[in-house]
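I set out to record, entry by entry, what I looked up in this model.

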Amino acid sequence: MPGPGVTPGRGGAGAGGGERRPDRRRGAPRLGSLGMALALALLPALALRTPAAAHPLPVQGLFASFGGLVSQDGGSFGWRNLTCPACKSLFTVLDFGLQKENNVARVGSLATKLCQLLKIAPPAVCQSAVQLFEDDMVEVWRRSVLSPSEACGLLLGPSCGHWDIFSSWNISLPAVPKPAPRPPGPPAPGAPVSRVLFLTDLHWDRDYLEGTDPDCGDPLCCRRGSGPPPPSRRGAGHWGEYSKCDLPLRTLESLLSGLGPAGPFDRVYWTGDIPAHNVWHQSRQDQLQALTTVTALVKKYLGPVPVYPAVGNHESTPVNGFPPPFIEGNHSSRWLYEAMAEAWGPWLPAEALPTLRTGGFYALSPSPGLRLISLNMNFCSRENFWLLINSTDPAGQLQWLVGELQAAEDRGDKVHIIGHIPPGHCLKSWSWNYYRIVARYENTVAGQFFGHTHVDEFEIFYDEETLSRPLSVAFLAPSATTYISLNPGYRVYLIDGNYPGSSHVVLDHETYILNLTQANEPGATPHWHLLYRALETYGLPNALPAAWNDLVYRMRGDPQLFQTFWFLYHKGHPPSEPCGTPCRLATLCAQLSARSDSPALCRHLVPEASISDVRSHQRRPLC
């Protein structure tokens, strides 16, 4: 049954309880062997696709990508003759596959051949990716129910059928009336200021190899197996490369050992994505090695400074695969959460460990008057294929969040929320419920901190009644990794400090980078330096939501100011192609969109005639 207060949508399991089995008597044919193989063959394209440029704006959804892949590349992928009627007939005739013979190896073999035939990835990548994903994907499909119309709508787009796996659901808020909004005032002169180091998307590649081809045929390059570059192109640099490459451990060690000028720090927020992007060839042992190696490195250089981590989408294998807690046995995520509890235990109090072990999220009090909540944003992820079974408040996490916020409001505490995937990139129902929760507890939520997109941006929350009063802002910090074609970087937040009556809001932030062009020069040593300070660079009066809202509208009318933002958005290494008007409006619209699939949030920014152009410039995150 659904968790308390949750109005369920369609799905096979409750929010926090046991699984509700699908009704196999209702007559809906199941997705059969060929359909399963087709989806499994296309999955590497979703996990491995490399965007053409760093314009990581929200897309409409994971499984819309199937349709986009087909419609955009139909000719080259051989889909010209797969019409909608043919698709429905295919799934109707072949729906008996997994019912009669749940043969994972046979499905996987067919998926590998399809992946290669459709040229989704290099043959070796197809084989490794399918082998990695096949067990979990078959298990997901075994537990879910799709009719031919839904399957073809999922694969070919909404014109061929309607699928509502991710239908609407609602969290219930307490009956306690919402207090009147109380915007925080400026700190008193001389009040303490906390410096909080923010690390995200480190993406350590243990196979990074200097001199290899940075533009190889695989989804991730600059590594053993990438081969040498052609004579006309130089190989991967010593400290990293402007390409589809992650970082060697020495670059992460350089970052951590060179933090001195940016400190000292009161605490660290670390929002995940530790392993590299070689997602077609990762084992649980690989992921655990990345977790323990990088955690030990952070402990070595940060010493007694408390570190509060969050779970990224790359921590698991297969990537994005985070089953809700009702999935037990070898398919569950317990292997990962237990290892995190062990590795991160010295930083966390005992009260945080039970929910970390169960669902990868937790809450604690880093100082009097402040509550920190670390969310597992994989339970909102468009790419988490386990949510095909049920996407209604997985693990009961949002209902738990409401309880934590209400308790904080009752105590008069402020709350910081950290997580990996930002709320504007989440499944619609999860995103809209989270947006409503933040609006209800606007006096309590003092800061929101996310990563995942690899670039430097933010998402603004507005009152739900008019969508015009800014009430909160989520900061999306840039990545440590270079993926794709970026400088390595990290963020420091200046926050109203620890004293009675502190607002605990962000007062300013600083971004630091390593200029790879300079660092990779012969004989050079890496120098991490301040790239910019937000208030000074953008002329902000403060770092409150209204100031960021005003900045977006100033950038709409000031191309030079936007170009400054565009340069910093890419950590000082923007793409060579210019960002024209549709690109600029799409980028600015994303800053207003903390609620996914909500075009009304941009109605004052984008002329109606430009909406279609803006949507055409939306890209997949560089996650």
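Which residues does Arg 223 touch, not counting residues up to four places away in sequence? I worked from a predicted model, and there I found Asp 205, Asp 207, Tyr 208, Leu 209, Thr 212, Asn 278 and Trp 280 as its contacts.

**Entry: setting of Arg 223.** I located Arg 223 in the loop that runs between β3 (193-199) and α9 (249-257). I then looked up its accessibility: Arg 223 counts as buried because its relative accessibility is 7%, and the cut-off for buried is under 20%. I also checked one C-alpha separation, from Arg 223 to Asp 213, and noted 7.8 Å for these two residues, which are 10 residues apart along the chain.

**Entry: the chain as a whole.** I counted 20 helices and 14 strands in the secondary structure. The chain has 623 residues, and I noted that 61% of them count as buried. For contacts between residues at least 6 apart in sequence, I recorded that 75% join residues at least 24 apart.

Entry: How much space lies in the second largest pocket? I noted about 530 Å³. Its lining is made up of 32 residues, and I listed Pro 183, Pro 184, Val 505, Leu 544 and Pro 545 as the closest to the pocket centre. I looked up which elements give two or more residues to this lining and found β9 (445-450), β11 (470-476) and α17 (545-557). Strand β11 gives the most, with five residues. By residue class, I recorded the lining as 18 nonpolar, nine polar and five charged.

**Entry: the largest nonpolar core.** I found 132 residues in the largest nonpolar core. The residues with the most contacts inside this core are Trp 270, Leu 348, Tyr 434, Tyr 490 and Trp 548. Helix α11 (residues 334-344) gives the most to the core, and I noted eight residues from this helix.

**Entry: Trp 548.** Leaving out residues up to four places away in sequence, I listed its contacts as Phe 458, Ile 460, Val 473, Phe 475, His 509, Ala 534, Tyr 538, Leu 540 and Ala 543.

Conventions: Residues numbered from 1 in each chain as written. Predicted model: local features only at pLDDT ≥ 70, side-chain atom pairs only at ≥ 80, totals over all residues. Heavy atoms only, no water. Helix = DSSP H or I, 4+ residues; strand = E, 2+ residues; numbered from the N terminus. Buried < 20%, exposed > 50% of the residue type's maximum accessible area, 1.4 Å probe, protein only. Contact = heavy atoms within 4.5 Å. 1 Å grid on protein atoms, 1.4 Å probe; cavity = no way out; pocket = protein on both sides within 12 Å on 5 of 7 lines; lining within 4 Å. Points joined across faces, edges and corners; volume = space filled by probe spheres on them. Nonpolar A, V, L, I, M, F, W, Y, C, P; charged D, E, K, R; others polar. Core = buried A, V, L, I, M, F, W, Y, C linked by side-chain atoms within 4.5 Å.
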